[in-house]
Amino acid sequence: MTMYETGDYLETNPDWHDEDGAWKAEQIAGMLQDHDIPLATVADVGCGAGRVLKTLAPHLPPEARMFGFDVAPAAIALAKSHESPQLHFETADFLADAHETFDLVLLMDVFEHVPDYLGFLESLRGHGRHFMFHIPLDMNMLHVMMDHQTKSRAQAGHLHYFSKSSALLTLEHAGYEVVDWRYTPVYKTAKARRSVLKRLIEGPRAIGGALFPDFAVRLLGGCSVLALARPRSAEPSLVA
């Protein structure tokens, strides 16, 4: 069994990152505003405590059906409090147990936890018409100098570390066409600002992000990447 199923992850993350859920939902809503995607069904894979779907619901068509899946019983126990006639959560392995093709599949900070992440992404393609991935960018100069990857593995369970380029190329390699992407300023979240060091470099991150975003993120980190993708067709990719 994994650390998510045994309860070990809950010991180091007692709220299952629930406080980040509303912020992530805002990033998703912002991306959806720029793209006309019919949304009758939405699945959140690795939904955790369910805050993302709960917060995202007002931004979706009122008839949209939403489903949250997680292998961790402890996370789903927290998510159940958010259920409604349109919103349902279940303890399940999405690849094994989902039996429909969803209009939008969300994976918010998920595949960096999966040992065979390429096989996972390839198998996932047939379960959705559109996908939205939120991917932590642990691979930057500041994090490497501070050996941040050790902390990411111990506390957050990250097994793989990405830059923006390697994250988007991973999606392409796994058979997706990246339709759009953007940086998400994780350093601005309330949780991140509890760290004194992160508050000290907030200014340089903001200035660098405004002037030279790619260079600033590679140097100082502080951002994740949000990517909207679909199973690849014969059309050319729009990745820049």
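Pro61 is partly exposed, with a relative accessible area of 28%; partly exposed covers the range between buried (under 20%) and exposed (over 50%), using a 1.4 Å probe and protein chains only. Pro61 belongs to the loop that joins helix 4 (51-56) to strand 2 (65-70). Its C-alpha atom is separated by 7.4 Å from that of Ala40, 21 residues apart along the chain.

The model is predicted: local features need pLDDT of at least 70, side-chain atom pairs count only at pLDDT 80 or more, and totals for chains, interfaces and linings use all residues. Residues are numbered from 1 along each chain as its sequence is written, and side-chain values use heavy atoms, with hydrogens and water left out.

**Overall organisation**

The protein contains 13 helices and 7 strands, taken as DSSP runs numbered from the N terminus (helices H or I, at least four residues; strands E, at least two). Of its 240 residues, 50% count as buried. Among contacts (heavy atoms within 4.5 Å) with a separation of 6 or more, 75% are between residues 24 or more positions apart.

Thr189 is located in the loop between strand 6 (176-184) and helix 11 (196-200). Thr189 counts as buried because its relative accessibility is 9%. A polar atom of the Thr189 side chain lies 2.8 Å from the backbone oxygen of Val186.

**Helix pairs**

Two helix pairs are listed below, with axes fitted as lines to C-alpha atoms over the stretch in contact and angles running from 0 to 180 degrees between N-to-C directions.

| Helix pair | Axes come within | Crossing angle |
|---|---|---|
| Helix 7 (residues 117-124) and helix 10 (residues 164-173) | 9 Å | roughly 55° |
| Helix 12 (residues 202-211) and helix 13 (residues 213-220) | 6 Å | roughly 145° |

The axes of helix 7 and helix 10 cross at roughly 55°, which makes helix 7 oblique to helix 10; oblique is what remains after roughly parallel (under 35 degrees), roughly antiparallel (over 145) and roughly perpendicular (65 to 115). The crossing of these helices is right-handed, that is, the near helix is turned clockwise from the far one by less than a right angle. Tyr117, Leu118, Leu121 and Glu122 of helix 7 meet Thr170, Leu171 and His173 of helix 10. By class, this contact has 4 nonpolar, 2 polar and 1 charged residues, where Ala, Val, Leu, Ile, Met, Phe, Trp, Tyr, Cys and Pro count as nonpolar, Asp, Glu, Lys and Arg as charged, and the others, Gly among them, as polar.

In the other pair, Pro204, Arg205, Gly208, Gly209 and Leu211 of helix 12 meet Pro213, Ala216 and Leu220 of helix 13. The residues of that contact divide into 5 nonpolar, 2 polar and 1 charged.

Terms used
A polar contact is a pair of N or O atoms within 3.5 Å; within protein, one must be able to donate a hydrogen and the other to accept it, and residues adjacent in sequence count only if both atoms are side-chain atoms.
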